[in-house]
Amino acid sequence: MEKLNKQYLKQLSHYSWLTLISIISILGVSAVFYLLAILFSGHIDSIGGGNLVSMLAFLRDVMVLVLVIFSICTPYQIFKEAIANGVSRWTNWLAHHLMVITVLVVAWLMNALIELLQSGTVTWSQQWAIIISMLIGVTTAGALGNLYGLMSMRWKIILTIALLASFFVLCWLVVRLALLVTPERVVMMIQSINHPIVWNGLGLIWVALMVGIDYLCALHMQLRRD
């Protein structure tokens, strides 16, 4: 339990520093463009001021985006540090996912607060859909990151090219299907599956699949020479 707590706090600390650096960098770039806009327009009020809702939305988006990038880019480095410190693969994997759950809970609470400030109420069906959307993104990133952790640089490049090619082929097939099927048929197909239970169920199945891939890759990760 002590190693789990230490690994959890270490990963949460790494993530927090990356998030803080990202926020400062984005605000710094925004400040530069703000000053340039004032310089060229000559009016300070030409740029709209922020508010609590927009600030919370900005922080939420940065938190989730950094978590996705963190889950893709850092699994192998974290694994090497864990092995060097005598932390097992299972403990490292569990600590990472506890960190992910912590961040997602904070992001969801911020999102619920945003909706409460905007409309005075919280739509739980909408919040549930947002939770699943965040889980889909983060678990997919985690599975991809751990899969990359098993591979050498050459195979990482090959996998990246294959994923990009598959994405463009999928987009092409969707466009072809849309051109072949009549608009009325498309509307009927969408309406037949346009139910929250269907989409939420498919989302949970995808999340479970990604967590399974993530788990298997994490437990089979080995130290590499590259």
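Visitor: How many residues of the chain count as buried, as a percentage?
Guide: 30% of the 226 residues count as buried. Keep in mind that this is a predicted model.

Visitor: OK. How many helices and strands does the chain have?
Guide: There are 8 helices and 0 strands. Along the sequence the pattern reads α-α-α-α-α-α-α-α.

Visitor: And the contacts, what share join residues at least 24 apart?
Guide: Take the contacts between residues at least 6 apart in sequence. Of those, 82% join residues at least 24 apart.

Visitor: Let's go inside. How many residues are in the largest nonpolar core?
Guide: That core has 26 residues. Y15, L67 and M99 have the most contacts inside it.

Visitor: Which helices supply at least two residues each?
Guide: α1 (2-41), α2 (52-73), α4 (89-119) and α5 (124-149) do. α2 gives the most, with 10 residues.

Visitor: Back to Y15. What is it in contact with, leaving aside neighbours within four places?
Guide: Y15 is in contact with M63, V64, V66, L67, F70, M99 and V103.

Visitor: Switching topic. At what angle do α4 and α5 pack?
Guide: About 145 degrees, with the axes 11 Å apart. The crossing of α4 past α5 is right-handed.

Visitor: Which residues make that contact?
Guide: From α4, they are V100, L104, A107, W108, N111, A112 and E115. From α5, they are W124, Q126, Q127, I130, I131, M134, L135 and V138.

Visitor: How does that split by class?
Guide: The contact of α4 with α5 has 11 nonpolar, 3 polar and 1 charged residues.

Visitor: What does the side chain of Q127 make a polar contact with?
Guide: With the side chain of N111, at 3.0 Å. Not counting residues up to four places away, Q127 touches W108, N111, A112, E115 and V122.

Visitor: And L104, buried or exposed?
Guide: L104 is buried too, with a relative accessible area of 10%. Its place is in α4. Beyond four places in sequence, L104 touches L67, M134, L135 and V138.

Visitor: How far apart are the C-alpha atoms of L104 and M134?
Guide: They are separated by 7.5 Å. Along the chain, these two are 30 residues apart.

Visitor: What about N146, where is its place?
Guide: In helix α5. N146 is buried, with a relative accessible area of 8%. Leaving aside neighbours within four places, it is in contact with P75, D214, C217, A218 and M221.

Visitor: Last one: I83. Which helix does I83 lie in?
Guide: Helix α3, residues 75-84.

Visitor: What is I83 in contact with, setting aside neighbours within four places?
Guide: R89 and L223. I83 and L223 are 140 residues apart along the chain, yet their C-alpha atoms are separated by 8.9 Å.

Note on methods
Residues are numbered from 1 along each chain as its sequence is written. This is a predicted model: local features need pLDDT of at least 70, side-chain atom pairs count only at pLDDT 80 or more; totals for chains, interfaces and linings use all residues. Side-chain values use heavy atoms; hydrogens and water are left out. A nonpolar core is a set of buried Ala, Val, Leu, Ile, Met, Phe, Trp, Tyr and Cys residues joined through side-chain atoms within 4.5 Å. Buried means under 20% relative accessible area, exposed over 50%, partly exposed in between (1.4 Å probe, protein chains only). Helices (H or I, at least four residues) and strands (E, at least two) are DSSP runs, numbered from the N terminus. Contact means heavy atoms within 4.5 Å. Axes are lines fitted to C-alpha atoms, for helices over the stretch in contact, and angles run from 0 to 180 degrees between N-to-C directions. A crossing is left-handed if the near helix is turned anticlockwise from the far one by less than a right angle, and right-handed if clockwise. Ala, Val, Leu, Ile, Met, Phe, Trp, Tyr, Cys and Pro count as nonpolar, Asp, Glu, Lys and Arg as charged, and the others, Gly among them, as polar. A polar contact is a pair of N or O atoms within 3.5 Å; within protein, one must be able to donate a hydrogen and the other to accept it, and residues adjacent in sequence count only if both atoms are side-chain atoms.
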